[in-house]
Amino acid sequence: GVVSRIPLAALTRQTQFDVLAADASGRVDFFQARGVVDHGFREVLELIFWGGTSLRITPDHGVMALSATGDLHSRAAGKLQVGDFLLTCDGTDIASESTIDTELARFAGYYIADGCCGRWGAERTYGVTIVMGAHRKAEIDDCLDILRRRFGCQQKTQLGINGSSVRINANRRAVYDFVVALGHTAHDKRLPSWLWTSPRETVLSFLRGYANDSHKAKTGQRTYTTVNEPLRDDLVMLLRLHGMSCSVSERTSPRRRIAGGGWVEASRAYDVRVCDSDDVIRVGGAGTRTPAQHCLESRLLSAFETQPRPRGAATAVAKAKGNNLIGKAGVLRLLETGAVHGEALERLARGKLGALRIKAVRRLPVLERVFDIDVPGGRTFFGGTIPVLLHNSELYGDSGWEGLAMREDHLGPLDPW
């Protein structure tokens, strides 16, 4: 029952596991996989998407896209071009199973942002330390209150060397046992397994705690910074699973002196920028833009235009088709006015799939060992730093959900993908 984001190569040692996938109705959930296919060393492409994420994939592996009529079909990655749109998840249908409440989730966010733990001293005392900015009085009081009520911990606090920070020390086994699964230091922290199956309100509470180490810009976007690349990728995946848009970038922090006279060496830092509570991107003044994951390709509207057209419908559809993408909320408004019609289009507008645009395609200079997943029942699956809908090794062809043929030879050499 442990949920985590791991490389495909690690699954070769697993005898039973579930993967995030989509079924024929478009439901996004965990489904049982049958195995991992080892394709050996192959040529690899890197698909780079708008928003800063990427996917490494072989040129002949299939990725899923939408046809002009809204049907899912596979395309070989080697035939993709800059500007093409693939599919990502815009939320999931995963059932909530976590028993961790919003208060403990918020404390986990405090720890991920500013904490460390270990067994310290000659007596190997269980130690947990969280350092917060002294100006964050409300968060400090909340953290102390949680430690006292939930862990029975009469912790100690002390001001930092220059008075700009507060150090919270909690030397209690119960606190250590709770946070140790999250990692010991900034370089090895990961999201806890229980967070992946937590309801949205629990995830938002965790992010509020994690926001203690973030920055909010005037545009409404909040930036979370980490030196830990796997943690960055965990955060991106978590946000997408709950329908929250984000973008990523990286930079190099120079070597710098810290309070007390010590030095911090130069390191690579990763920024994850998350949209505000309205989940829109602020652009220039009061303008906004709907994130791509909440959109569909506007070309789909052509196949669903109502004939004869209601008054004003042609203008509304033509305006929408003037852009590459249209927000799913906009599609629903066109459906309500009768400008377009069709159950397939409505299913896509209300579903958990959204657009993901390719910014660049790069051919890697060396061969890499590659793996694929076999999911029974004709399902695709999600993979990559950002969840990209990929072709199932059990399937072949590109005729959509209904026409995808099933393989009888599970790991045979006939699979063209």
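What follows is a short chat about a predicted model of a protein chain.

Reader: Before we start, what kind of model is this, and what counts in it?
Author: This is a predicted model, where local features need pLDDT of at least 70, side-chain atom pairs count only at pLDDT 80 or more, and totals for chains, interfaces and linings use all residues. Residues are numbered from 1 along each chain as its sequence is written, and side-chain values use heavy atoms, with hydrogens and water left out.

Reader: How many helices and strands does the protein chain have?
Author: The protein chain has 9 helices and 28 strands. Both are DSSP runs numbered from the N terminus: helices are H or I with at least four residues, strands are E with at least two.

Reader: And what share of the residues is buried?
Author: Of the 417 residues, 50% count as buried. Buried means under 20% relative accessible area, exposed over 50%, and partly exposed in between, using a 1.4 Å probe and protein chains only.

Reader: Now H1. How many of its residues are buried?
Author: In H1, 12 of 13 residues are buried, among them Glu103, Arg106, Phe107 and Asp114. Helix H1 covers residues 102-114 and reaches 18 Å from its first C-alpha to its last, close to the 18 Å expected at 1.5 Å a residue. The expected span is 1.5 Å times one less than the number of residues.

Reader: What caps the N-terminal end of H1?
Author: Asp101 does, with a side-chain oxygen 3.2 Å from the backbone nitrogen of Glu103.

Reader: Switching to rings. How many aromatic pairs are there?
Author: The count comes to 7 aromatic pairs. Rings of Phe, Tyr and Trp (its six-membered ring) pair if their centres lie within 6.5 Å; planes under 30 degrees apart count as stacked, over 60 as edge-to-face and the rest as tilted. One of the pairs is Phe206 with Tyr210, which is tilted, at 5.9 Å centre to centre and 50 degrees between the planes.

Reader: Where do Phe206 and Tyr210 sit?
Author: In helix H5 (residues 200-210), 4 residues apart, so about one helical turn separates them. Phe206 is buried at 0% relative accessible area, and Tyr210 is buried at 2%.

Reader: Which rings form a cluster?
Author: Phe107, Phe151, Phe178 and Trp194 are linked into a cluster by ring pairs. Phe107 is also one of the buried residues of H1.

Reader: Last one: which charged ends sit over rings?
Author: Arg119 has its charged end over the ring of Tyr126, 3.9 Å from the centre. Lys359 has its charged end over the ring of Trp50, 4.6 Å from the centre. The rule is NZ of Lys or CZ of Arg within 6 Å of the ring centre and within 35 degrees of the ring normal.

Key. A polar contact is a pair of N or O atoms within 3.5 Å; within protein, one must be able to donate a hydrogen and the other to accept it, and residues adjacent in sequence count only if both atoms are side-chain atoms.
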